[in-house]
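Subject: Structure handover

Hi,

Here is the structure I promised to pass on. My notes follow below it.

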Amino acid sequence: MYRPALLAGTIFGAIAVILGAFGAHSLKAIMPSEQLQIFEKGVTYQYYHCFALLIAGVLFTSFPFPQIKYASLFFILGIIFFSGSLYLYAYMDAKQIPVPTIGRLITPLGGLCFIIGWVALFLAIIKKK
């Protein structure tokens, strides 16, 4: 097992549950629907990639290749950049705070990190003969 991936998956999973509940109960009353959907998209992708981290952590036993570690790193970066930027963007938009152009570039960077993570996981799996 790859413990860092397992730890990150469980921590980000707990945070996703907290943020999901916060969005469903507290933000729903104060945030417009459009921004709430953006926030929920961040939570959804965070959930998906918590499971990806857990899978990577368990797969490392059978596929002990560096690509599993890279996949884990990129899943973590994807959660931070993609989901984190969506949380921030939803908040700033709801508060009518202008989002800088550089801020809008962080979300696609996070998406790219997710893609790299999945490709790295794929490469680790096909590496084993």
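The side chain of His49 makes a polar contact with the side chain of Trp118, at 3.0 Å. A polar contact here is a pair of N or O atoms within 3.5 Å; within protein, one must be able to donate a hydrogen and the other to accept it, and residues adjacent in sequence count only if both atoms are side-chain atoms. His49 sits in helix α2 (residues 33–59). With a relative accessibility of 4%, His49 counts as buried. The classes are buried under 20% relative accessible area, exposed over 50%, and partly exposed in between (1.4 Å probe, protein chains only).

Some ground rules. This is a predicted model: local features need pLDDT of at least 70, side-chain atom pairs count only at pLDDT 80 or more, and totals for chains, interfaces and linings use all residues. Residues are numbered from 1 along each chain as its sequence is written, and side-chain values use heavy atoms, with hydrogens and water left out.

Overall layout. The chain has four helices and zero strands. From the N terminus, the order is α-α-α-α. Helices (H or I, at least four residues) and strands (E, at least two) are DSSP runs, numbered from the N terminus. The C-alpha trace spans about 55 × 30 × 15 Å along its principal axes. Of the 129 residues, 40% count as buried.

Helix packing. The axes of α3 (residues 66–94) and α4 (residues 101–127) come within 7 Å and cross at roughly 160°. That makes α3 roughly antiparallel to α4. Axes are lines fitted to C-alpha atoms, for helices over the stretch in contact, with angles from 0 to 180 degrees between N-to-C directions. Angles under 35 degrees count as roughly parallel, over 145 as roughly antiparallel, 65 to 115 as roughly perpendicular, and the rest as oblique. The residues of the α3–α4 contact divide into 22 nonpolar, seven polar and two charged. Nonpolar covers Ala, Val, Leu, Ile, Met, Phe, Trp, Tyr, Cys and Pro; charged covers Asp, Glu, Lys and Arg; the others, Gly among them, are polar.

Helix α1 (residues 3–30) packs with α3 at about 15°, with the axes 10 Å apart. The two, α1 and α3, are therefore roughly parallel.

α3 itself has 29 residues. From first C-alpha to last, α3 reaches 41 Å, close to the 42 Å expected at 1.5 Å a residue. The expected span is 1.5 Å times one less than the number of residues. After α3 comes Gln96, with a positive phi near 60°.

Best wishes
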